Amino acid sequence: MSPLHGKHIVLGICGGIAAYKSVSLLRLLVKAGAEVQVVITPAGKEFITPVTLSALSQKPVVSEFFTANTGEWHSHVDLGLWADCMVIAPATASSIGKMAHGIADNMLITTYLSAKSPVFLAPAMDLDMMAHPSTQANLKLLKSYGNHIIEPEVGYLASGLIGKGRMEEPEKIVEALEKFFVRSQDMKGRKVLITAGPTYEKIDPVRFIGNYSSGKMGYALADECASRGAEVTVVSGPVSIIPGNPDVAVVSVESAREMLAECEQRFPDTDVAIMCAAVADYAPAEVADAKIKREHQDVPVIRLVKNPDIARTLGQVKKAGQTLVGFALETDHEIENATEKLARKNLDMIVLNSMRDKGAGFGTDTNKIAIITPDGCRADFPLKSKADVAKDIVDKILSLKN
Ligand code: PMT
């Protein structure tokens, strides 16, 4: 049975030549067992008739805020709540712009703004419109709001030109939706513990030793695991971000020792632990009670002691059935160092990111990783958003046999 069986899907259709493909998409969704409500923009109706769409969906097509002759009001709020998913195909440059900027001048955009469900967009337009910086900026904005963009193909366009802008084929759109719904449940029942952010090691009441970790990678992992049904706790060092997913529990700590204590307490009841925090390896041996004053002292010498290794501590008590994932942030001899950490910390896999790769590591919205497993296998991934990197990591965790 298709994962779309019984799902409520709002199919949004905008005014573009590719609207003819929406008929096939609608047929495929209905065939997969989904209940589909079509919402079409006024321009969409110039390309395809509501009669065809309502016959196939077996529901009246919604286009206006109310039916003129009866005065019946169509509630975009109800539709937004009813939907398990909204797919806008084709999504034109104009509607993409309106969605990105909240210009709610038709039923489709108001439904989008009211939707509580995941939203997928399949853009379709001429290659120059697609490549235009404003379209790209709007798509980037929509993606940053958590919408899913189903990239258009390169191919023959209605203008006669060949380029990127052809709406993805309906079969592929259905495949993307099915994959999404499978993924939305594949971590269900699992308890996930994630460390994220830096640790701060106090020198005195106003100073600390820390690092540049923003928490973005760890929080992206937390959001991804939660969106796939896991029960997620993040033990987080000091960061200025919050999880996108309200179901993620955050336990805030400051130092490595505090992080260790929270992790040790939770680990026995954890199925998957992902050590993404940039834990300070050293802490000052003594913490001054008062601010160390510049005027009254020689240049202070701060003696350091080793911090506990949280990943290694958990690796020593790991039981069969538990999965322990580490990260390696390297600047040189990347593969050798990561492989050594994988073994020393008794990890089930290690995610390597290198400060030598542009766009990877601390603070960025992107990362470039390699995943290494104890059997010596290595998978290299291109530069991606941290949200997409998190997907790859979770896919890999689920593929591990232990
Ligand atoms: O937070 P962002 O700005 O998004 O940046 C993400 C990141 C670069 C911090 C992240 O992708 C990353 O690489 N995290 C691990 C950083 C790190 O400390 O790497 P490491 O090679 O020093 O440590 C190896 C592993 O041991 C890591 O899983 C680390 O969490 C763990 N560790 C390290 C030291 C320690 N005392 N305790 C630990 O648990």
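**Helices in contact**

Mentor: Start with K21, S24, L25, L28 and L29 in α1, which meet P170, E171, I173, V174 and L177 in α9. Contact means heavy atoms within 4.5 Å. Those contact residues divide into seven nonpolar, one polar and two charged. Here Ala, Val, Leu, Ile, Met, Phe, Trp, Tyr, Cys and Pro count as nonpolar, Asp, Glu, Lys and Arg as charged, and the others, Gly among them, as polar.

Two ground rules before we go on. This is a predicted model, where local features need pLDDT of at least 70 and side-chain atom pairs count only at pLDDT 80 or more, while totals for chains, interfaces and linings use all residues. Residues are numbered from 1 along each chain as its sequence is written, and side-chain values use heavy atoms, with hydrogens and water left out.

Now the geometry. Two packed helices are described by the angle between their axes and the distance between the axes. Helix α1 covers residues 19–31, and helix α9 covers residues 170–183. Their axes come within 9 Å and cross at roughly 45 degrees. The axes are lines fitted to C-alpha atoms, for helices over the stretch in contact, and angles run from 0 to 180 degrees between N-to-C directions. Helices (H or I, at least four residues) and strands (E, at least two) are DSSP runs, numbered from the N terminus. So α1 and α9 are oblique to each other. For that word, angles under 35 degrees count as roughly parallel, over 145 as roughly antiparallel, 65 to 115 as roughly perpendicular and the rest as oblique.

Helix α10 (residues 216–227) packs on helix α14 (residues 386–399) at an angle of about 60 degrees, with axes 8 Å apart. These two are therefore oblique as well. Again, α10 passes α14 in a right-handed crossing. K216, M217, A220, L221, E224 and C225 in α10 meet K386, A387, V389, A390, K391, I393 and V394 in α14. Nine of these contact residues are nonpolar, none is polar and four are charged.

Next, the rings. The structure holds four aromatic pairs. In one of them, the rings of F180 and F181 have centres 5.4 Å apart and planes at 80 degrees, so the pair is edge-to-face. Rings of Phe, Tyr and Trp (its six-membered ring) pair if their centres lie within 6.5 Å; planes under 30 degrees apart count as stacked, over 60 as edge-to-face and the rest as tilted. F180 is partly exposed, with a relative accessible area of 22%. F181 is buried, at 9%. Buried means under 20% relative accessible area, exposed over 50%, partly exposed in between (1.4 Å probe, protein chains only). F120, F180 and F181 form one aromatic cluster.

Last, some backbone. The peptide bond from A89 to P90 is cis, with omega near 0 degrees. P90 lies in strand β3 (residues 85–91). Phi of Q58 is near 60 degrees, a positive value in a residue other than glycine. Q58 sits in the loop between α3 (50–57) and α4 (76–82), and at 71% relative accessibility Q58 counts as exposed.

Definitions and conventions:
A crossing is left-handed if the near helix is turned anticlockwise from the far one by less than a right angle, and right-handed if clockwise.
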